[in-house]
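Have a look at the structure first.

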Amino acid sequence: MPAITLASRHKEPAMCKHLTETAPFDYLPKSQLDRLRKSNHFLIHAFQNSLSHIKENLTGTYLFLLTDMDGVLLSMDYSPDLETVVEGSPIRPGMIFTAQSCGVNAISVTMDSNEPVLLLPEQHESPYFQSWHCYAAPLSMESQHFGYLDVSTINADMQGELIAIAKLIPAYMQNSYQNQQATEACDKPAVEFTARQLTILEMIAKGFTVKAIALKLKIKECTVNHHKKVIFNKLGVQSSTEAVSIASRLSYL
């Protein structure tokens, strides 16, 4: 899928005055971030593992960002020559990359469009990001949407390489993620589910919300949530995505 460059969506500086003056970046509280990172540990490990392979062959200057589906920064990495730049910037895990938090940026645009996007320096609203050429894209594995990837560089001559790298990372991540899940699934003892729990697990796998499950089964939403909690505990996971992945590998789905 080709990258989309959104020059026409860039706002004039006068419309971004509040961002320039106050830089109202939002961050997730540490306790919430710790829980979020724990529930996404497979994804974070896959991201870090993928970069360990890719970075060996890179000579340029790059910044790599991984966010969850709400744009919360889960993990980041960068080339050694960027250490001073990144440490002096507001970018750190827990930062929320929505337009409301830090102005229009590549991640916020791809969150809105669900399409890959290339954002040029002048298209960012916040002055903190106006040195960066950023390529962001949604992350999906096994038909499950996990979050967003951003690969950025400060070198305009590396745009082509930037996009190529960003397109390689998801494939590496998927392979790493599947290997982790398979290893953990093999290490898990057999799990026993009730018929109702299996039904709810199957509906979760099909994308049903708690409300939709409750309506379909004619039970209360709190009852559905209780069953979900039991299912998660039995599988040793903390999210629906992980539950579906592990259950599939254990042949419950």
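Here is a short briefing on the fold, the cores, the aromatic rings and the cysteines.

This is a predicted model, where local features need pLDDT of at least 70, side-chain atom pairs count only at pLDDT 80 or more, and totals for chains, interfaces and linings use all residues. Residues are numbered from 1 along each chain as its sequence is written, and side-chain values use heavy atoms, with hydrogens and water left out.

**The chain overall**
- You'll find 11 helices and six strands here; these are DSSP runs numbered from the N terminus, with helices being H or I of at least four residues and strands E of at least two.
- Of the chain's 253 residues, 47% count as buried, where buried means under 20% relative accessible area, exposed over 50% and partly exposed in between (1.4 Å probe, protein chains only).
- Take the contacts (heavy atoms within 4.5 Å) between residues at least 6 apart in sequence: 59% of them join residues at least 24 apart.

**The nonpolar cores**
- A nonpolar core is a set of buried Ala, Val, Leu, Ile, Met, Phe, Trp, Tyr and Cys residues joined through side-chain atoms within 4.5 Å.
- The largest one has 32 residues, and Y62, F64, V151, I165, I169 and M173 have the most contacts inside it.
- At least two residues of this core come from each of α2 (30-39), α3 (41-54), β2 (63-68), β5 (133-141), β6 (144-153) and α7 (159-187).
- Another core lies apart from it, with 22 residues, including M76, V86, C102 and C134.
- What does V151 touch, leaving aside neighbours within four places in sequence? Its contacts include Y62, F64, L162, I165 and I169.

**Aromatic rings**
- Rings of Phe, Tyr and Trp (its six-membered ring) pair if their centres lie within 6.5 Å; planes under 30 degrees apart count as stacked, over 60 as edge-to-face and the rest as tilted.
- That rule gives five aromatic pairs.
- The ring centres of Y62 and F64 are 6.2 Å apart and the planes sit at 35 degrees, so this pair is tilted.
- Y62 counts as buried, at 1% relative accessibility, and F64 is buried at 1% too.
- F25, F97, Y128 and F129 form one aromatic cluster.

**Cysteines**
- How many disulfides (cysteine sulfur atoms within 2.5 Å) does the structure hold? It holds zero.
- C102 is buried, with a relative accessible area of 0%, whereas C222 is exposed, at 54%.

Note on methods:
A disulfide is a pair of cysteine sulfur atoms within 2.5 Å.
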